[in-house]
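I opened my notebook to look up a few features of one chain. Here is what I checked, entry by entry.

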Amino acid sequence: GSRRKHAMGSLGDLTPTQARALVMGWETNRKKGLDPFTKAAKGISLLTEVDAYFNHRRIKPHTSKTGVKTGISPEEYKDRQRRFVRHFAEDAIAQTPLLKLQLSDIKKWFSRLSSETPSEALHCLFLARHMTSIILEDNEELASAIVNKFEAAIPKTEVKLIRDAIDESRTKRPLTQPEFKALWQAAEDWPDKLEGLLVQFIMCLSIRSKHAGRLLKEDIQKRTINGKEYFYIETTFKKTPDTVVLHKKAEAIYKKVLAHHKKKGWISEFLFPSQNWTGGKDQGLRTRGMNKDDIRRAFTGNSSHKGIRGSAAAQEPSLLGITAKTAAEKAKYGEWKLKPVGIHDVRDTYATAAADIFEAAAFLQNSGTEVTKKAYRVEKMETKIKLATRKGKVLGDILG
């Protein structure tokens, strides 16, 4: 019966939809005779718990005074935040209380996402499942009433089918020598110097583009061994710590990047900072490195035949792919007789040129050979000849 005020958060942290959902939850409790600001299980949704989730000890990145790191990586943390804003915050799937949320609603939401962007749908499903599991851990009343509905609604078999379909659609191919050279030259001549250097840096080291975009200047260190200086990256690739030494060509690109920073007068912790071109004008640097959208625009432009790849295709048209023309070709290859190359296909080129599957895994910074097999498309004929020779020797030994 008394008037009370309660802080909702800062203006930049809440959208109008989030603010309305928050107040509606308080009002629902008040009408039931409950303290408006207690979290009753009936009002709990992904939206009401989003702040608690991103501040959770296992989620929020934190480094203790003794240097112990907890939580997920800062990059993954930002990705999840952006994903929630993009696919959850304005959607009923996040606003509906978990007690009232129907499995059919989750299936419709996931079906819509997977038909538009299958890979993003899987990321969103993981986020929803993880958020719900954390919520159930922290609320006994809710945990005793429901199971994790996002796990119940979408079976693992369906997720596997979608993942397999994604892998199939991403069939990669190594670049031919003329294609590789044309792409390198196009990056060299590209008007935006930083974008061109990024592509060349990836081509030099065969690291994943998202890792290159997130590299900090401090990630590249220097060590003197036997009187020689070596630059190297000591970082984590897919949760696996690894060290990548820069060969002379990569070192030269790295020094060009630093020189470009100096020329532009940039102050940024990122080696490849994201440039803000809002309105078609240079608005300075963003406070992050290049993300996948920045790199995609640099490589393919806003359409499939633009960007650095489009420029290189003027010399090597096969970079843009070759469609199947006849019915026989379509039956054999599908739509593409030869697919357009992506920036990730640089990695396949290194894998194919490797002496064996183990060297290929090392080239690609993979922890084992199972993942590498997806990229290790073509083995050298010399390897096959050695295998056949060895096989013939075994046969001779058996026959005596």
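**Entry 1: the cavity.** I began with the lining of the largest cavity: helix 10 (177–189) and helix 11 (193–205) each supply at least two of its residues. Helices here are DSSP runs of H or I with at least four residues, strands are runs of E with at least two, and both are numbered from the N terminus. This is a predicted model, where local features need pLDDT of at least 70, side-chain atom pairs count only at pLDDT 80 or more, and totals for chains, interfaces and linings use all residues. Residues are numbered from 1 along each chain as its sequence is written, and side-chain values use heavy atoms, with hydrogens and water left out.

I noted what counts as a cavity: on a 1 Å grid over the protein atoms alone, it is a set of points where a 1.4 Å probe fits but cannot get out, and lining residues have an atom within 4 Å of a point. How many cavities of 30 Å³ or more does the structure hold? I found 1. About 40 Å³ of space lies in the largest cavity. That volume is the space filled by probe spheres set on the points, which are joined across faces, edges and corners.

I listed the lining: A187, E188, K193, G196, L197, Q200 and K256. Helix 11 gives the largest share, 4 residues. By class I got 2 nonpolar, 2 polar and 3 charged residues. Nonpolar covers Ala, Val, Leu, Ile, Met, Phe, Trp, Tyr, Cys and Pro; charged covers Asp, Glu, Lys and Arg; the others, Gly among them, are polar.

**Entry 2: the whole chain.** I counted 20 helices and 9 strands. Of the 400 residues, 39% are buried. Buried means under 20% relative accessible area, exposed over 50%, and partly exposed in between, with a 1.4 Å probe and protein chains only.

**Entry 3: helix 14.** Which residues of helix 14 (residues 292–300) are buried? I found D294, I295, A298, F299 and T300. They pack against helix 10, helix 11, helix 12 (209–214), strand 6 (273–275), strand 7 (285–289) and helix 15 (307–313). At the start of helix 14, a side-chain oxygen of N291 comes to within 3.0 Å of the backbone nitrogen of D293. After helix 14 comes G301, with a positive phi near 70°.

**Entry 4: helix 17.** Helix 17 (residues 345–353) has 7 of its 9 residues buried, so it is largely enclosed by the rest of the structure. I wrote them down: D345, V346, R347, D348, T349, A351 and T352. Their cover includes helix 10, helix 11 and helix 18 (357–363).

**Entry 5: two positive phi values.** S206 has a positive phi near 55° and is not glycine. I placed S206 in the loop between helix 11 and helix 12. Is S206 buried or exposed? S206 is buried, at 1% relative accessible area.

N226 also has a positive phi near 55° and is not glycine. N226 sits in the loop between strand 3 (220–225) and strand 4 (228–237). N226 is exposed, at 77% relative accessible area.

**Entry 6: T236.** I found T236 in strand 4. T236 is partly exposed, at 40%. Leaving aside neighbours within four places in sequence, T236 is in contact (heavy atoms within 4.5 Å) with H211 and P241. I also looked up S73: its C-alpha atom is 10.0 Å from that of T236, and the two are 163 residues apart along the chain.

Key
1 Å grid on protein atoms, 1.4 Å probe; cavity = no way out; pocket = protein on both sides within 12 Å on 5 of 7 lines; lining within 4 Å. Polar contact = N/O pair within 3.5 Å; in protein donor to acceptor, adjacent residues only side chain to side chain.
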